[in-house]
Amino acid sequence: MARPLRAMRLTNSLFRSPPNQSGSRSIFLAATPLRLGTFAAVSIVLTASYSNHLIHFANQTHRRFATFVSIPTMSSNFKPPQPPLPWKHTPGQIHEIIDKAIDDSRKFQDRIAATPEDKANFETVFKALSEADSTIDIVAEPLSFYQNVSPDKELRDASNDAEKKLRDFGIESSMRIDLFQAIKRAAANIEKSGVKLNDEEKRLVEKMLLDGKRAGLDLPEDKREELKTLKKELSQTSLEFSKNFNEEKGTVSFTKEELTGVPEDVVSGYTKTEGQDGKPDTYAVTFKTPDIFPLFKYASNPNTRRAAHEAYESRLAINVPLLEKALEIRRKCATLLGYETWADYVEEDKMIKTGKAVNDFLDDLEKKLHPVGEKDRETLLALKKDEYSEKGLDFDNTFYMWDYRYYDRLYLEKAMSLDDAKIKEYFPVDVVVPTILKIYQDLLSVNFAEVKNPDVWHPDVQLFEVWEKDAKDESGFLGYCYLDLFPRESKYSHAAVWPIHSGFTKPDGGRHYPVTAMVANLAKPTPGKPATMRHDDVVTFFHEMGHVFHGLLSRTEFSRFHGTSVARDFVEAPSQMLENWCWEPSVLKTMSSHYETKEPLSDELIDKLIKSRYVNAGLFFLRQLFFGKFDMKVHTDPGNEKLDLSKLWCDMREKVSLVSSGGKITPGPGTFAHITGGYDAGYYGYMYSLVFAADMYKTVFSKDPLSPDAGRKYRESILRPGGSRDESVSLKEFLGREPDSQAFLDQLFGTSAPKL
């Protein structure tokens, strides 16, 4: 998921799993398993004095209590040309560093704005702004990352405060008319002089000019000031929403009897409270994925599932008023900027271009999926009826939100003899993670080298150097990758990849190398059993590593185009394509090893698992359409009357997803992190990018998924250029033709697929 860090630059991205309150068994989109298949920165120059801050740290974190994966890696014979990042800042240092960065930046901007007209050119304006933007990101991105992963609340709070300052300053900078005038003078001089720019340089000029227009710099002064105030208010509101999400620590408690059906290895991980005065013991279930999702899937008592679902959806009720506020501010911003809706503003620089095109895409797909979803619902409803009859329960002929995951799993077990819990035993974390890394290393011709005793933000974290497979010297270095895989309190609670540093060409012609961090929440070991992964988790990890490599293997001149800095409705496509490897028999055989017998999945189990991929897919995709349609509804609403967001959420879910909310209005919108985290009017992109993902896989990889030759083509055509050219150009080069939707429709509907 893309997360705007400062108002003038929205290129750095965070990839999150979509909200899945109690959704499908394992068909997720984006950063979760898929069963089917700024404004440009007004740049900031920092002085060399920052190095003093970056080497003055607190005591070393002890690693003796760490939980991490043993990963066999290659040892490197060369020293990386760039050291790893330091991770022992104090709260005071964070404030000091950010304050100085902002102060120095203002001075720099004054100098740029004062550039004489005859001296304004690509080097003195565009390139200088780009280089300085890269410099501020190098300092600021790690500091703002702490809020998502640090176990120290004071450090998280300082990180959050620092990001607020940076966002506010970015907004202030983006609204400086004198800087925009310098950009326009430089652009005019470039055109008059006939100087030749390369394609990436031309794109930088075009994007910076468009950024100024979208920032409202053509507006009268009073309107610019109003817009600046609104942007700062929106930034703070979004930060508060995100902070509530990360700091959430709620639980819902049940007795052992109420948890009947939930696997014992899961229950043993819940916090137990001894019963008092003859009352039974209770078990506290957190809302972290490894705790709550098995309950949705296995708890046989419908009242338990319902209570858990309602508590899960209500865990962030505090965010609903913040969302209402954000939506109102966005409407005002769109009006000031001359756009009919916020969606039209957002879509302008994406592949799809307009809000109407998004709604047409979603409406058309809903029409095609609705009959498929109705059939799926009837199948699962019949299964529910049979179970209720066996248990002597009253059957009301209604399929509820909390029924889907449970009966979807039950259907797989009964109709396909596929036991998800049994499959999970074949995917120990300490086998799957290194195997996936090896697959990527072989496919993309790279090597991982683990850094021993690294400086990290928590003992669980592992650090890897990434090198070209045939590296002959330090020029073969590609960057660093951090893995933070296990849940803990106050850590970001889903799966995500942060591009902490982008790669770019430095002023001296050398290379600044990228740094990425994957944050996940895999299950930890329990007494008597190692940590294992559901197949869902396996696909999630494979997907996330796709984002990691998009960041590591991109090579652009300017940081704003690096890696995942592509159109938001394309950014998921590369990782969605890579999920297909998790459904290939040979890959499944390689990745699996029963935690006791060490045997891989049998051919029979692999066959059943692959056949399950499309089961009940209609209901799943309708649920994803609900998220996309809710997102578009609230961002195209004229705001003439106040929307009850929670009621709209539940009503739209029933209509689109074909599942009942049980008559209770829950504050689900408060859990929709995407809507304030950079995917506003953009959730459709998870579905839209599937068109490209399916086409890429079928055309290039389907015959030989592990072909290094295909991997090299993928590196060169898709990963390397990042956002330095239009995504359609990269796709055409990779496919050898214009992309089309047929492979995507074939996945959803079979070879008799309707046309989009």
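Residues are numbered from 1 along each chain as its sequence is written, and side-chain values use heavy atoms, with hydrogens and water left out. Because the model is predicted, local features need pLDDT of at least 70 and side-chain atom pairs count only at pLDDT 80 or more, whereas totals for chains, interfaces and linings use all residues.

The protein chain contains 26 helices and 11 strands, assigned as DSSP runs (H or I, at least four residues, for helices; E, at least two, for strands) and numbered from the N terminus. Of its 756 residues, 63% are buried, that is, under 20% relative accessible area with a 1.4 Å probe and protein chains only. The accessible surface is about 28,100 Å², and carbon and sulfur atoms account for 51% of that area.

In helix α21 (residues 617-636), 18 of the 20 residues are buried, so this helix is largely enclosed by the rest of the structure.

Helix α4 (residues 153-174) includes G170, which is buried with a relative accessible area of 5%. Although G170 and I102 are 68 residues apart in sequence, their C-alpha atoms are 9.3 Å apart in space.

R568 occupies the loop between α17 (535-553) and α18 (573-578). The side chain of R568 reaches the backbone oxygen of T564 at 2.5 Å.

How values were computed: A polar contact is a pair of N or O atoms within 3.5 Å; within protein, one must be able to donate a hydrogen and the other to accept it, and residues adjacent in sequence count only if both atoms are side-chain atoms. Buried means under 20% relative accessible area, exposed over 50%, partly exposed in between (1.4 Å probe, protein chains only). Accessible areas come from the Shrake-Rupley method with a 1.4 Å probe; for residues, only the protein chains shown count as cover.
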